[in-house]
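Visitor: I am new to this structure. Please show it to me, and then let me ask about it.

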Amino acid sequence: MKCLIVVFVIILWACPYLAMSKRLHKSSLIGAHQQWMIKYGRTYTNSYEMEKRLQIFKSNLKYIEKFNNAGNKSYNLGLNQFSDLTNEEFMALYTGIKVPSQFSSSKMISNTVLFNVSDNVPTNFDWRQHGAVTDVKFQGICGCCWAFTAVAAVEGIVKIKSGKLISLSEQQLLDCDYKSRGCTNGHFETAFASIIQTHGILKESDYPYQGVKQTCQINGNIQPAAQISNYKFVTSNDEKQLLQAVAQQPISALIAMGGEFRSYKEGIYSGSCGKVINHALTIIGYGESEGKKYWLIKNSWGKGWGENGYMRLLREGEGTSGHCQIATYVGYPII
């Protein structure tokens, strides 16, 4: 009986402190969310939306902390500008690739260049160190990742061939690639074809990014800053071929993005991917660290994502589609 009384007294004594602990946790969470809002310039229209986003933020933060505390992976996750979105919301806003139903592997094979895989290439290679990569850009809530990877690849080959690094216009492709669907669907292949058809691509400063599809503004009054003559594919599902290609120039690639990918912060990403190809990015190099090989990737989600806008993605080897299917559908422009 005395034991029961003691337990009861302890519970009565502890309850206020437990409640206080919960309030402190809630207060700490609100504080973290507010700091995050300030950092990324996020505002909400009303208190209902604020509470909704707070709960999503809490769920994402809890997952990130649990993952990182486990400490058994080659990469870490972190908060970024997407941390108050659900996976479904994020996928709808920031991806924009659907492999076309008319896509033909025979067409791809006929336009593929085979590299000599016995050619020596450096163990580590980064096109940023050769001045062939412009600053990381942000596509905003427009799923035109396909335009950003096409532009990045053209920017790279222009620098390699001419010695000039020029930031080119994604908006031109968004407006003038009539085979794409703007912010909802597009492909680097049709983007390259559009540049050829319009006899070049303008500087970003001459045709600035708006983040929405508009009427094509090419009128001949401004001369294009760059031109390409053709484009080619890299042999599908062969990371050895892809390695040789990346050693020549930055390469456009499609991937199956999903799972933890959007919360990637640093390290070599070997985590979960989507089952369907849905995003485009640019391979700007490769390397090896602590026994793990990786692709060096430039994304179009701004510098707040990943390693200042970049990712190191696990490189698996020859004869595979690669992690996140990165070796499935890859191509590059030719001057």
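Predicted model: local features only at pLDDT ≥ 70, side-chain atom pairs only at ≥ 80, totals over all residues.

Visitor: In strand 9, which residue is the bridge partner of tyrosine 231?
Guide: Strands are DSSP runs of E, at least two residues, numbered from the N terminus. Two strands pair if DSSP finds at least two bridges between them. Strand 3 (residues 230-233) and strand 9 pair in the antiparallel sense over four bridges. In strand 9, the partner of tyrosine 231 is proline 333.

Visitor: And which residue in strand 9 is the bridge partner of alanine 253?
Guide: Strand 4 (residues 251-255) also pairs with strand 9 in the antiparallel sense, over two bridges. For alanine 253, the bridge partner is valine 330.

Visitor: How many of the five residues of strand 9 are buried?
Guide: Buried means under 20% relative accessible area, exposed over 50%, partly exposed in between (1.4 Å probe, protein chains only). Strand 9 covers residues 330-334 and is mostly covered. Its buried residues number four.

Visitor: Is leucine 296 buried or exposed?
Guide: Leucine 296 has its place in strand 7 (residues 292-298). Its relative accessibility is 6%, so leucine 296 counts as buried.

Visitor: What distance separates the C-alpha atoms of leucine 296 and glycine 285?
Guide: Leucine 296 touches residues including Asp126, Ile284, Gly285 and Met311 (contact means heavy atoms within 4.5 Å), not counting residues up to four places away in sequence. Along the chain, leucine 296 and glycine 285 are eleven residues apart. Their C-alpha atoms are separated by 4.8 Å.

Visitor: How is the ring pair of phenylalanine 82 and tryptophan 301 classed?
Guide: Rings of Phe, Tyr and Trp (its six-membered ring) pair if their centres lie within 6.5 Å; planes under 30 degrees apart count as stacked, over 60 as edge-to-face and the rest as tilted. The whole structure has 25 aromatic pairs. Here the centres are 5.8 Å apart and the planes stand at 80°, so the pair is edge-to-face.

Visitor: How many residues apart are phenylalanine 82 and tryptophan 301?
Guide: This pair links distant parts of the chain. Tryptophan 301 is in the loop between strand 7 and strand 8 (310-314). The separation is 219 residues.

Conventions. Residues numbered from 1 in each chain as written. Heavy atoms only, no water.
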